Amino acid sequence: GTVEVQEEAVVSVTYSKWSNVQLLHHQHCFHSSSKDKRFSQNFDCKKSPNRSSVKVEPTHVEITDEYGIHHLLNLNILASDDTWGAPSLLAAKVAENKGIAVFSQVHLEQSPPAGSFEGPMKHVAESDQSRMEILQDLLSTHLSIDTTQAKVQPYTTAYLLGRHELKQSLLTDLHTHMKDQELKRSKLIMHFLPPGVVPKQASENYMPILLNACPQTFSTVMYYETLRTHEIGRLAIYCDLMTSSMNVTAGYPHLVHGFVVLPTQQTQGKGRGGNSWLSPMGCLMFTVQLHISLTSILGQHISIMQHLASLAIVMAVREQPGYADVPMQLKWPNDLYINDEVKIGGVFVEATTMGKKIVLNIGVGINLSNTSPTTCINDQIRLMNKEMGSSMEELDREVYLAEIFNCLEKLIDSFQKDGPQAVLPYYYKYWLHNNSRVTVQGEDRHQEAATIIGIDDFGFLVARLDSGHPISLQPDGNSFNMMEGLIYSKLQ
């Protein structure tokens with residue numbers, strides 16, 4: 001027979017104390033017609049002779065993972081629809097550990113379509129509060145997620161950090177672009193406040209910046225005592241809570257080479273491909289602005305900059321005495337991993353060409369002290385101390401930031417002086433793709449297996465097809481996992 005999918009079907013669901021809740025459902029209807037594959041206009045799923053209600057509820061299922069290991073899943077039907085008694089919500093718990101998943105046949109995440117409050121959609125709208133209550137109960141009861149409403153924290157005043165002469169030089173450069181000490185960005189007004197001026201309340205699009213004060217929540221002493229750079233990180237804006245550090249550096253006029261923005265938390269952090277980057281407490285984030293001459297060696301290989309930034313983040317840990325075995329690794333093109341299994345950070349780059357230079361705004365997020373949502377660097381340090389009997393100190397935010405900037409400036413200087421070969425040995429030391437096998441796709445959509453052998457001078461992935469030809473790889477732009485969906489062109 002054929003199956004029909006009615007994308008905006010409505011079903012009545014009973015779950016726990018909630019009954020007769022009207023929810024959107026991708027309804028599957030089976031019937032015997034094999035000629036017409038279009039949706040039947042008069043077919044009634046409820047009367048289908050081939051559709052029967054669930055008589056026996058399954059209690060478990062066995063699956064095999066990609067490593068060939070068998071797992072027993074205990075099943076529990078949490079809710080059924082009131083029409084057929086078919087499962088609408090199902091919990092599956094891994095018998096031998098804490099893993100649990102909830103599967104849904106109804107759209108708990110979807111509000112009723114705007115303006116569609118006639119017929120069945122009217123009942124969906126009337127059930128919307130119950131929909132949210134069911135979703136909250138599922139998350140808290142079955143997935144142990146805290147769904148209490150968090151108190152909304154107010155945006156905070158920022159601080160301009162650095163030597164007095166660097167601050168004055170920046171303000172002088174920005175003077176012609178400011179009015180009443182306010183610098184307007186596309187999403188933010190930055191207001192530089194001299195001593196004695198009481199700042200107004202910060203907001204989503206307004207950031208007061210104190211010129212001659214030190215924050216209580218960031219140790220400038222630890223930071224500057226560790227910082228050994230000439231330019232990167234010497235001038236900074238620090239803020240407890242802002243929208244996004246990229247909003248500070250984005251747009252014209254540009255700031256200065258090496259300027260950094262250091263938030264403790266962000267409400268609108270940016271990730272690759274338009275994704276959001278969450279910022280729980282303990283997650284280390286920053287944006288650094290770099291000005292690179294187009295005629296320099298790095299300017300002619302500017303696409304490799306994201307790799308230098310990623311490498312600096314890893315080297316700032318693993319190149320320190322006693323920390324070489326902390327299992328941080330690089331995943332091409334711009335992710336940071338623990339034990340080649342868990343992502344703990346990433347790098348996001350925006351670039352603009354201005355005359356004879358390229359202005360880069362590099363955004364970074366790295367799990368330093370936040371155990372959730374995955375793991376963090378300090379978790380690994382504590383684990384290593386326990387398993388190996390070592391006594392490595394956990395990393396302080398201020399010290400780690402300064403070490404990242406130390407490494408980044410050193411890598412840039414080395415690249416500018418001696419080219420890609422000056423930094424690639426360090427990159428290969430910490431990346432996780434040596435001799436990895438991948439399936440790649442050519443322009444003709446033909447797929448072939450290949451072995452990764454490195455990156456080229458521009459940072460693109462290089463592999464060798466099983467047929468022997470070297471190829472250059474790029475992600476297809478759509479894959480969640482950037483090591484899948486790779487497309488290639490053959491190298492000459």
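Beyond its neighbours within four places in sequence, Glu231 is in contact (heavy atoms within 4.5 Å) with His257, Gly258 and Glu409. The model is predicted: local features need pLDDT of at least 70, side-chain atom pairs count only at pLDDT 80 or more, and totals for chains, interfaces and linings use all residues. Residues are numbered from 1 along each chain as its sequence is written, and side-chain values use heavy atoms, with hydrogens and water left out.

Glu231 and Glu409 are separated by 178 residues in sequence, yet their C-alpha atoms lie 8.1 Å apart. Glu231 sits in the loop between helix H4 (220–226) and strand E11 (236–242). Helices (H or I, at least four residues) and strands (E, at least two) are DSSP runs, numbered from the N terminus. Glu231 is partly exposed because its relative accessibility is 43%; the class lies between buried, under 20% relative accessible area, and exposed, over 50% (1.4 Å probe, protein chains only).

Asp335 belongs to strand E15 (residues 335–338). Its relative accessibility is 11%, so Asp335 counts as buried. The side chains of Asp335 and Lys343 form a polar contact of 3.2 Å. Such a contact is a pair of N or O atoms within 3.5 Å; within protein, one must be able to donate a hydrogen and the other to accept it, and residues adjacent in sequence count only if both atoms are side-chain atoms.

The largest nonpolar core has 74 residues, of which Met328, Ile377, Tyr400 and Phe405 touch the most other members. A nonpolar core is a set of buried Ala, Val, Leu, Ile, Met, Phe, Trp, Tyr and Cys residues joined through side-chain atoms within 4.5 Å.
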